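Here is a short report for a reader new to this structure. Start by looking over the sequence and the model.

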Amino acid sequence: VNWQDIYIDKGGYVKDFVYSGNGDIIVTGESDGTIRLWDTEYDICYKIIEGHEVPVSSVCLTNEGRYIISAGAEGSIKFWDQHTEVCLLEQKMGHVHDDGTPLGILDLAYHPIPGEVETKFWLLSSCIHDHSISVWKVDLEQREAKLEHELTFHQDAVRSVDMHIFEDGSIRIIAGSWDNTVSIWDGLGGSLMSVLDMHVSRVHCVSFSEDGKYFASGSSDDTVIVWDTSNPNHKYRRLKGHTRGIDSLQFKFRKAEKKKEKDVFQLISAASDDKIIIWDLDQIDWGDNSPKNLSIKTLKHHVLPLGYAREVNCVHFDPQSNQFSYATSDGRLRIWDLRGDRFTERNILYNTYELHVQGCRFRDLHPQSNLFERETSFMDQHEGEKEVTKEMLLRQYGAIIREEDEEIWNKFVVKMS
């Protein structure tokens, strides 16, 4: 056995994730190009789709949870049937650098078409460096993604997009750009409606509220701005609480279940200051004479200090509970519960280690074992050797594998025989 044929793959880290509508599934897009499906009741990864050969930058899930949309840094969008793991459609963007290499996709936004089946929906995509937003009308039954509009205005990359369909059938699209602005578009006609320039640095994230009455933008200027879409002058409130740039945000509205309870209207924001803030937006006074700048001193909120220097790639509320999740650059997806003013960490989802021997992959070794550290030590001990023996491998990995998974152990022994 050549020692170069033996290595531990720790897997990637989560670049983006999304909850299913009932909260029982989390779909993650990974830096290693895979798409992973997690069961939130048992906290296990039950399916891995080999989606892209490059990092997955964004993922969406259709409203009934059957179809996954993924975007990759190679500039393609793929549409998956998660039951069969079959790619139903691949849409290549066609945007390229000067040297001919494809431009990667930064963000996707999905919205169902009211009254239509799950296979028909709207999709937005933003491509790095060409500063544009593509508006797609998708029909998976026909295996077709029709480009309705190519929206161009921004002078720098469009980092984040979202859309909402109102009761009158009108469609609004919002886009946050690294040129410090937020643009608002008529999704049906493709015309630019407004440009908002209240941020003084790059806009990294935008999101509509569920009812479309509000949207939020987060920026490198360390602030979140909540905008009132019903006001023609785009009345806003600026939230100050973070000390570094905002990386991800999302609204949540939950109807009160009991008479004495109040409806919950919140916004969660994650920033590079190792802090997550949940803002109680029902406390905001939208009167014309009320303050436009609100801080953690004046607005009810909940702060979760992370306590470690890890980049938060994305944060989302569970749509059906008090829980929320966030993904960090160390490969973990953490699930927390907020009841009253108390945070409780419910679980941490890890990407599993994989042991590779002679091209054979043994999945699902427990991530909290010391397998990776032992593998590093093993390579150090045998540096310079061209081959290792079966006995050396069994001695190095055998005890851990046997403890963790008898089936993997049996496969490993057969491979070594």
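## The second largest pocket

A pocket is an open set of grid points where a 1.4 Å probe fits, with protein on both sides within 12 Å along at least five of seven lines. This model is predicted. Its second largest pocket holds about 680 Å³ of space. The pocket is lined by 29 residues, and R254, K262, V264, Q266 and N322 are the closest to its centre.

Strand β21 spans residues 236–240. Of its 5 residues, 4 are buried, so the strand is largely enclosed by the rest of the structure.

β21 pairs with β20 (residues 223–228) through 5 bridges, and these two strands run antiparallel. In that pairing, R238 of β21 is the bridge partner of I225. β21 is also joined to β25 (residues 293–295), by 3 bridges, and here the strands run parallel. R238 takes part again: its bridge partner in β25 is N293.

K235 sits in the loop between β20 and β21. Is K235 buried or exposed? Its relative accessibility is 18%, so K235 counts as buried; the cut-off is under 20%.

A polar atom of the K235 side chain lies 3.0 Å from the backbone oxygen of W286. Leaving aside residues up to four places away in sequence, K235 touches V226, W227, D228, W286 and D288.

Terms used
Residues numbered from 1 in each chain as written. Predicted model: local features only at pLDDT ≥ 70, side-chain atom pairs only at ≥ 80, totals over all residues. Heavy atoms only, no water. Buried < 20%, exposed > 50% of the residue type's maximum accessible area, 1.4 Å probe, protein only. Pairing = 2+ DSSP bridges. 1 Å grid on protein atoms, 1.4 Å probe; cavity = no way out; pocket = protein on both sides within 12 Å on 5 of 7 lines; lining within 4 Å. Points joined across faces, edges and corners; volume = space filled by probe spheres on them. Polar contact = N/O pair within 3.5 Å; in protein donor to acceptor, adjacent residues only side chain to side chain. Contact = heavy atoms within 4.5 Å.
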